[in-house]
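Student: Please take a close look at one residue of this model for me. After that, go on to the rest of the chain, step by step.

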Amino acid sequence: MRLLAIGLVAGFFSALFGVGGGLLVVPLLILLLGFPERAAMATSLAAIAVIATVGAIAYGVRGEVDPAAAAVVGLPAALGAVLGTAVQQRLTGRALGLGFAAFLVVVGILLLV
């Protein structure tokens, strides 16, 4: 049931604000379900594929998707995901947790400013 709730919250906020996977699923999997950092990140990435597909279709039906811009952003992002995974495998769980927390703090401050 908790996984279902996390998925519902991630899908809702993903469609509402364009976020969901990393910003919501990872902390919820770690805090609510006790997932290790790597497993939470990997599970989140797998879930993002489903969330993004459904969201893109929903926005596409309304004519709000620019396929060219999506490709220009998406293709380098795929390369970035491969590189990020390679770096992530070399970090300790503690370093991943601290790095992710620092990232969330910076994003929060930037959004407030």
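Tutor: Gln88 is buried: its relative accessible area is 12%. The label applies because 12% falls under the cut-off of 20% that is used for buried residues. Before going further, note that this is a predicted model, so every value here is computed from predicted coordinates.

Where does Gln88 sit? Its place is in helix H4, which covers residues 67–88. Of the elements of the chain, helix H4 also has the highest mean pLDDT, at 91. The lowest mean belongs to helix H1, residues 2–17, with a value of 83. For the chain as a whole the mean pLDDT is 88, and 98% of the residues reach 70 or more.

Which residues does Gln88 touch, once its neighbours within four places in sequence are left aside? They are Arg38, Met41 and Leu96.

Thr43 has its place in helix H3, residues 37–61. Is Thr43 buried, exposed or partly exposed? Thr43 is partly exposed, because its relative accessible area is 33%, and values between 20% and 50% carry that label. Not counting residues up to four places away in sequence, Thr43 touches Leu29 and Phe35. Ala81 lies 38 residues from Thr43 along the chain, and the C-alpha atoms of the two are separated by 14 Å.

Phe100 is found in helix H5, which runs over residues 93–112. The relative accessibility of Phe100 is 19%, so Phe100 counts as buried under the cut-off of 20%. With neighbours within four places in sequence set aside, the contacts of Phe100 are Gly22, Val26 and Pro27. Gly55 is 45 residues away from Phe100 along the chain, with 25 Å between their C-alpha atoms.

Leu112 is exposed, because its relative accessible area of 78% is over the 50% cut-off. Together with Val105, Ile109 and Val113, Leu112 makes a nonpolar surface patch of about 490 Å².

Aromatic rings come next. How many aromatic pairs are there? The count comes to two. One of them is formed by Phe12 and Phe13, and this pair is edge-to-face, with 5.2 Å from centre to centre and 85 degrees between the planes. Phe13 is partly exposed, with a relative accessible area of 28%.

Now the whole chain. Five helices and zero strands are present, so the definition of elements gives the pattern α-α-α-α-α along the sequence. The C-alpha atoms fill a box of roughly 45 × 35 × 30 Å along the principal axes. How much of the chain counts as buried? The figure is 14% of the 113 residues, and Gln88 is one of the buried residues. The chain exposes about 7800 Å², of which carbon and sulfur atoms supply 78%. Finally, take the contacts between residues at least 6 apart in sequence: 52% of them join residues at least 24 apart.

Conventions:
Residues numbered from 1 in each chain as written. Predicted model: local features only at pLDDT ≥ 70, side-chain atom pairs only at ≥ 80, totals over all residues. Heavy atoms only, no water. pLDDT = per-residue confidence, 0-100. Helix = DSSP H or I, 4+ residues; strand = E, 2+ residues; numbered from the N terminus. Buried < 20%, exposed > 50% of the residue type's maximum accessible area, 1.4 Å probe, protein only. Contact = heavy atoms within 4.5 Å. Areas by Shrake-Rupley, 256 points an atom, 1.4 Å probe, with all protein chains shown as cover. Patch = residues over 30% accessible without salt bridge, like charges linked within 9 Å, V, L, I, M, F, W, Y side chains within 5 Å. Salt bridge = Lys/Arg side-chain N within 4 Å of Asp/Glu carboxyl O. Phe/Tyr/Trp six-rings, centres within 6.5 Å; stacked < 30°, edge-to-face > 60°.
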